[in-house]
Amino acid sequence: MKAVHFGAGKIGRGFIAELLHDTGYEIVFVDVNEAVNQELNQYHNYYLYVIEEDYKRKEIDKVSALSPAAQPEEVTTAIVEADLVTTAVLADNFPKIAGNLAKGLKARLDAGKEKINVIPCENAILCGDMLKKEILATGILTEGELDQIASVPNTAVDRMVFGTDRDGRDGIEIGKDHELVIEKEKLTDPEKEPIKGAEYTDNLQKFLERKLYVINCGHAWSGYMAHLMGYKIIQDYFAKEENVEMTRAVMREVAALVEKKHGFTHQEMEDYVNFALNRFLTPGITDTVERISRAPIRKLGADDRLVGPASQCEELGLPNELLLKGIAAAFLFDVKTDEQSVELLSYVREHGIEKAIPHFTGIQEGSRMFAEIVKNYDELKKQYK
């Protein structure tokens, strides 16, 4: 079997291609990085290093690479001959790959080939719909033609990956745990699983919410609390067991919501909390508190990672005390190089926290949540300022 994969970056080689390799595909990477392409074509293999297994080395072989700019005809031919197409390029780059994809799929249609799965593996909600839109925007295929030759499902992805130079080669360090969830009903054949090691679902939304509300929420919450405590590096915050347990507790608040709302078992959610914490505690990683806490206005949105689960917990009568504390902490995120932090704090100074909470979160004055956030804000400000 042959797979064409757009994107030979860390997620492309360190996650998606590993699953393709383990499924039995020969892999043709399509990437603009000529140095990476040259190495893939010289050796036809590369190495992954599993962090939690003392950096145990794993070979990914039967690989080659093409340049979409210098070898567009070869890319078209590869798509015509492929059994599967995948991407890991960042969703913002879909317009850059859409032309090559559209030409390849059109040629495949003209050659009378069978319908193929085109699976984007991007950290973006409804990335399949986004990719389909960009392919159609090229004008090379009509919507009817695209639907005739390709299935483009939405996905959810998650894995820790880091670039490394080992053994004189460009390698990738990977976390052992990962998640690739694929929208089952949008595959060419919903009864067949084109990638081993992926999870297939007819309810992708519950997986997207689980990631946003557990992992992203827990990460952001920890960042805002770590900032108040004076930490610059998030790993220093997690080096203290009491901080790990605080983050575990807030993630359990969210896990209870996701469990009740989407029907995951309690054990599944407990395992997922541990999966998330293992990500945060992966050895050898350094990440700044400033980076993971950036853009607080976006993260305080009514449907985003903090306010979304807090409001839904409130509606369902579930505990949300720690979530509300994290929302208060976000209003104290003071970083001069972060435009949203500057805007947020400026609004608070000018209008007061009582006006800022409904303005940025949609949580209305007079509600229990509003009162708790104000109380937490005042207490945190007094404790840490």
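In which helix is Ser311 found? I looked it up and found Ser311 in helix α13.

**Before going on**

I noted that this is a predicted model, where local features need pLDDT of at least 70, side-chain atom pairs count only at pLDDT 80 or more, and totals for chains, interfaces and linings use all residues. Residues are numbered from 1 along each chain as its sequence is written, and side-chain values use heavy atoms, with hydrogens and water left out.

**Entry 1: helix α13**

Helix α13 covers residues 307–316. I reminded myself that helices (H or I, at least four residues) and strands (E, at least two) are DSSP runs, numbered from the N terminus. Is Ser311 buried or exposed? Ser311 is buried, because its relative accessible area is 18% (buried is under 20%, exposed over 50%, partly exposed in between, with a 1.4 Å probe and protein chains only). Not counting residues up to four places away in sequence, Ser311 touches Ile363 and Met369; contact means heavy atoms within 4.5 Å.

I then turned to Glu314, which is also in α13. Glu314 has a relative accessible area of 27%, so I wrote it down as partly exposed. Leaving aside neighbours within four places in sequence, Glu314 is in contact with Asn320, Arg368 and Met369. Glu314 and Leu257 are 57 residues apart in sequence, and their C-alpha atoms are 9.8 Å apart in space.

**Entry 2: α16 and α17**

Next I looked at helix α16 (residues 353–361) and helix α17 (residues 368–384), whose axes come within 10 Å and cross at roughly 125 degrees. Axes are lines fitted to C-alpha atoms, for helices over the stretch in contact, and angles run from 0 to 180 degrees between N-to-C directions. The two helices are therefore oblique to each other (under 35 degrees is roughly parallel, over 145 roughly antiparallel, 65 to 115 roughly perpendicular, and the rest oblique). Which residues make the contact? I listed Ile353, Glu354, Ile357 and Pro358 from α16, and Phe370, Ile373, Val374 and Tyr377 from α17.

**Entry 3: the cores**

I looked up the largest nonpolar core, which has 68 residues. Such a core is a set of buried Ala, Val, Leu, Ile, Met, Phe, Trp, Tyr and Cys residues joined through side-chain atoms within 4.5 Å. Ile327 and Phe331 touch the most other members. Helix α7 (residues 204–229) gives the most to this core, with 14 residues. Leaving aside neighbours within four places in sequence, the contacts of Phe331 include Ile353, Ile357 and Tyr377. I also noted a second, separate core of 32 residues, with Phe15, Leu20, Tyr46 and Val63 among them.
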